[in-house]
Amino acid sequence: MDSRLHIIAGFKDGGSYVKDLYVSLPFRVVSVGQRKTDNKLYQMVMTSSPGILDGDHYHLDIELEKDSSLQLQSQSYQRLFNMKDKAVQELKVKMDNNTSFAYVPHPVVPHEDSNFQSKANIQVGKNSQIIISEIITCGRKHYGEVFKLKRFQNLMEIYHENKLVIKDNVVIQPDLIPINSIGNLEQYTHQGTLIFYSTKDNVDKNGLIETIVDSAEQHKSEMEVGISVMEDNGFVVRALGYGGELMYNFFLQIQEILWSLG
């Protein structure tokens, strides 16, 4: 199925709003920020499909006009079903100046023989920030499907003023890369990546990192966390653990801290 989602976030009268929205099956988008008082836009992406199927091609196009802020949320865990060929997802985000975008979705659950390729191209304007993450699980552990997937790839590229500032490429292919080997996941079953990048001035990058590290200390028996600091105002959080819910809630905590900066 070739499926499309297109959201344009606008800004007027001091608040962000849905300027335009187009979806095709199985997508649906609903507002979830009715009780918020920060005048930012909160939207949840829902789907009538039980998961991503063989041959699916998802196109997600997000645009933020000047001064707007948009936080996307997911409905539930994203299942990748058994595939003869593969499924593809393409995410394109175009951010004007003075914008803020966040997308911290639920974990991905790859079923046996799933083959999924995700690509993200993000253009960040001046005085703007982005928070985006991904969590990949081992699969349906209780069904004996621990890393029985064929292949999983998530390639993310973030640009500012047509210059590539972040490129992150996560590939899991158990038949070529031993998943439990040193330098890969070793004994862990879940891997998460959260990227924060800001083009704003006076971002207390070191203070933010210290706050995240302190928060991670509370879960050190269940999760390993490391942070790679960028030369610019940004960093990448990596997490390894044994459960998707813990890691997802940890990323939501980070999102809450960073979202308040926007």
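Modeller: Before we start, strands here are DSSP runs of at least two residues, numbered from the N terminus. This is a predicted model.

Biologist: Fine. Which strand holds Ile 122?

Modeller: Ile 122 sits in strand E11, which covers residues 115-124.

Biologist: Is Ile 122 buried or exposed?

Modeller: Buried, because its relative accessibility is 0% and the cut-off for buried is under 20%.

Biologist: What does Ile 122 touch, leaving out residues up to four places away in sequence?

Modeller: Its contacts are Val 93, Met 95, Ile 130, Ile 132, Met 156, Glu 157, Ile 158 and Tyr 159.

Biologist: Now the core. Which residues touch the most other members of the largest nonpolar core?

Modeller: Ile 62, Leu 70, Phe 101, Ile 122, Ile 130 and Ile 158, out of 44 residues in that core. Another core lies apart from it, with 23 residues, including Tyr 42, Ala 102, Ile 135 and Ala 216.

Biologist: What is Phe 101 in contact with, beyond its neighbours within four places in sequence?

Modeller: Phe 101 contacts Ile 62, Leu 64, Leu 70, Leu 72, Val 93, Met 95, Gln 129, Ile 130, Ile 131 and Trp 259.

Biologist: Back to strands. Do E8 and E11 pair in the parallel or antiparallel sense?

Modeller: Parallel, over eight bridges.

Biologist: How many bridges link E5 and E8?

Modeller: Eight, and that pairing is parallel too. E5 is residues 57-64 and E8 is residues 87-95. Leu 60 has Leu 91 in E8 as its bridge partner.

Biologist: Change of topic. Where is Lys 141?

Modeller: Lys 141 is in the loop between strand E12 (129-136) and strand E13 (151-160). Lys 141 counts as partly exposed because its relative accessible area is 38%.

Biologist: What does Lys 141 touch, not counting residues up to four places away?

Modeller: Val 146, Thr 189 and Tyr 242. The C-alpha atoms of Lys 141 and Pro 110 are 10 Å apart, though 31 residues separate them along the chain.

Biologist: Last one. Which residues make the nonpolar surface patch of about 180 Å²?

Modeller: Val 18, Leu 21 and Val 23. Val 23 belongs to strand E2, residues 15-23, and counts as partly exposed because its relative accessibility is 31%.

Note on methods. Residues are numbered from 1 along each chain as its sequence is written. This is a predicted model: local features need pLDDT of at least 70, side-chain atom pairs count only at pLDDT 80 or more; totals for chains, interfaces and linings use all residues. Side-chain values use heavy atoms; hydrogens and water are left out. A nonpolar core is a set of buried Ala, Val, Leu, Ile, Met, Phe, Trp, Tyr and Cys residues joined through side-chain atoms within 4.5 Å. Buried means under 20% relative accessible area, exposed over 50%, partly exposed in between (1.4 Å probe, protein chains only). Contact means heavy atoms within 4.5 Å. Helices (H or I, at least four residues) and strands (E, at least two) are DSSP runs, numbered from the N terminus. Patches are made of residues with over 30% relative accessible area and no salt bridge: like charges are joined within 9 Å, nonpolar side chains (Val, Leu, Ile, Met, Phe, Trp, Tyr) within 5 Å. Accessible areas come from the Shrake-Rupley method with a 1.4 Å probe; for residues, only the protein chains shown count as cover. A salt bridge is a side-chain nitrogen of Lys or Arg within 4 Å of a carboxyl oxygen of Asp or Glu. Two strands pair if DSSP finds at least two bridges between them.
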